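Please look over the model shown below before reading on.

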Amino acid sequence: MITATIPAVGRIISRSVDAPGVFTIAIQSQSVQSFRPGQFNMIGVRGIGEAPISCSAIEKDSIYHTIRVVGNVTAALASMPQNAQVTLRGPYGTPWPIDDRCGDLLFVAGGIGIAALRAAIDEVVCHRGRFRNIYVLYGAHRPSDLIYGHEFEIWSEGSLTILKTVDIVPENDQWRGSIGLVSVLLDDIPIDLKQTTTFICGPERMMGFVATELIRRGQDSTSIYISMERRMRCGLGKCGHCMIGPYYVCKDGPVFAFDQIREWQDIAL
Amino acid sequence: MRIGIDSKALDADAIKAAFDNCSGEEIHSWLLTLKDKGIRVIVPHQADGVVTFEPIGANLDYLFDFHASEVMSAPRKFIYPAHDNLFAFHETDNLEVLEIVPEPKQTFIFGVRACDMAAIHLLDKIFLSDPIDRNYSTRRQVTTIAVTECRSAGPACFCSSMGSGPMPAQDFLPDIFISPVDNGWGIKALSSKGIVACGLTAMESSEPADVIGSTRELSFSRHLETKGLPLLLKASGEHRIFRDLAESKCLGCTNCTMVCPTCFCFNYFDLTGIGSNKTLRRRQWDSCQDLHFTDVSHGNFRESRRARLRQFVSHKFSSWVFQYGTFGCVGCGRCLSWCPTQVDIIKIVEAIQSEPVQP
């Protein structure tokens, strides 16, 4: 663990733009440590603050984070120059419970939620033989918001069934794929929900309606997992900002069983 | 008006050293001896009609008698201050992170009430659990706390309902316990820190009494039935009381959380100096009652006063139990004393108990 409250320092050594308002950076640091898919780091910009960002991948001593610009910290990270220094604390939080799973897996991603699922999909592709059918359903607002084109190519070679959808198609866009909510893609896959473990990440309302739809279609609610997000400061379950009922999203989450979290107040599931 | 039940008498085993029948003057000269030895002596102090805990002043004035609910500035601030420096950044070619290690003076807090002592033990559950908060732990270690037995219950007090008073609860013992006895005061050291502080006194030690209990019964005018509360509150999120009070009374002013001795929420912020290559990471108290506490980029998960008021009550009497195995309220009554519109946490709970939400 990168030390609990005192952050480690890293440098942004590469960046790429994935979509309007979405970018991926590689942060190189001596303190980079391996993470479990689903975990996050608190990435900090001196003088501005820190934000919790899902861990995407590690390559040698660099960690990759895919980030959407939504506030002060993420806007700063978007425009910092090559070799700019940032701080890192983590990895924090609970991982997607892949280790004890086999059978069929369903990943459902909404918007930037694909970033929190990417490392999990990478991992199951690495251990493909352990699982039977693997489905990835991915929805974004517009075709230009769909990211990870390169990763999806690799995944489709791993015999995953992948379906994408968008909300709207701008004029002159060449999109010929599905249009509509990500949950309607369920009609297009021969999935046996009773044998399936589902991992969902996206806007809170979206995770709620996808989980509800899955249960309506016969999935056991105990095999649905989601990744929650809240305002965070300490990242270690002390400052109180991310509390939902008795749970700290940073420490008891961000990955929760749907059943576990849905009965508490102040959620949009 | 109900007669309160005394909390259980202290175990005789808890007493490590005893000094009985000390006079007020002897206690006074003991505090001055501690001060002369360079120890920071904190005492209950009356100023502008409120009680606060402050370092003993030049006039050596302090209070013996007051009610916990009159305390605006609880002793927790000496272990968990409202503002604290965590570390500093210094950026040139490299970004350095420089730890700021607090070096607090040995501190002796006199005149604390059992409820405040219980509250500090409750804060330990947050800050001394893994990962241990170094600033809190450092200050906690150098602080010796002496609880004085309450001689009466204040109009807002309900520690007896929460098991945190009027006698110090067995799990929430102070370092020293001071109680009125026939001919003055009895002082009992309950920990090694207590023994050290008592060792600096000129008082004569005595054999510890077999049992320490209060022979007086305190009358409490406020009482809370806590049985079944955690699950009841979990099921009562939609109760009308939260909306009613949010619309008619609660201002979202955060007073309740500022005076509550068990509140622990905090915020980080970075303070950059004019030279702009030095930044301080500071921590300060925050409040779940603040409008922006649960802000996210395109919304706020607890925007309404109704939701925030519900959070305050539900955290103290429900979530705390799931998180830490105990209620997060010590019955000090300050949230009522300091609410500008007299929102009463007991009345909220009683409304829920008397009209349960239909499933």
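How many bridges join strand S1 (residues 8–19) of chain A to S2(A)? In this predicted model, 7 bridges join the two strands, which run antiparallel.

## Strand S2 of chain A and its partners

S1(A) and S2(A) form a hairpin with 2 residues between them, and Gly21(A) in the turn has a positive phi of about 80°. Within this pairing, Val17(A) stands opposite Phe23(A) in S2(A). S2(A) also pairs with strand S6 (residues 62–68) of chain A, to which it is joined by 7 bridges in an antiparallel arrangement; here Ile25(A) stands opposite His65(A) in S6(A).

Strand S2 (residues 22–28) of chain A is mostly covered, with 6 of its 7 residues buried. In the loop between S2 and strand S3 (40–45) of chain A lies Ser31(A), which is partly exposed, with a relative accessible area of 29%. The C-alpha atoms of Ser31(A) and Tyr225(A), which are 194 residues apart along the chain, are separated by 30 Å.

## An open sheet in chain B

In chain B, 4 strands form an open sheet in the order S7-S6-S14-S13, with antiparallel pairing. Strand S7 (95–99) and strand S13 (266–272) of chain B stand at the edges and have a single partner strand each, so one side of each is left without a neighbour in the sheet. Neighbouring strands of this sheet are turned by 25° against each other on average, direction ignored.

S13(B) is joined by 7 bridges to strand S14 (residues 278–285) of chain B, and these two strands run antiparallel; the bridge partner of Phe269(B) in S14(B) is Arg282(B). Helix H3 (residues 134–141) of chain B lies across strand S6 (83–91), S7 and S14 of chain B, running at about 130° to S6(B).

## The interface between chains A and B

Across the interface, 40 residues of chain A are in contact with 47 residues of chain B. The two chains bury about 3600 Å² between them, 53% of it on carbon and sulfur atoms. Arg46(A), Lys238(A) and Asp266(A) supply 23% of the area that chain A buries against chain B, more than any other three residues.

Asp266(A) also forms a salt bridge with Arg310(B), in which the closest N and O atoms are 2.9 Å apart; the count between chain A and chain B is 5 salt bridges, alongside 26 residue pairs in polar contact, both residues being at pLDDT 80 or more. The elements that give two or more residues to the side of chain A touching chain B are S1, strand S4 (49–54), strand S7 (85–92) and strand S15 (247–248) of chain A, and S7(A) gives the most, with 4 residues.

Terms used. Residues are numbered from 1 along each chain as its sequence is written. Chains are lettered from A and ligands numbered from 1 in the order in which they are written. This is a predicted model: local features need pLDDT of at least 70, side-chain atom pairs count only at pLDDT 80 or more; totals for chains, interfaces and linings use all residues. Side-chain values use heavy atoms; hydrogens and water are left out. Buried means under 20% relative accessible area, exposed over 50%, partly exposed in between (1.4 Å probe, protein chains only). Two strands pair if DSSP finds at least two bridges between them. Axes are lines fitted to C-alpha atoms, for helices over the stretch in contact, and angles run from 0 to 180 degrees between N-to-C directions. Contact means heavy atoms within 4.5 Å. Buried area is the accessible area (1.4 Å probe) that two parts lose on being put together, summed over both. A salt bridge is a side-chain nitrogen of Lys or Arg within 4 Å of a carboxyl oxygen of Asp or Glu. A polar contact is a pair of N or O atoms within 3.5 Å; within protein, one must be able to donate a hydrogen and the other to accept it, and residues adjacent in sequence count only if both atoms are side-chain atoms.
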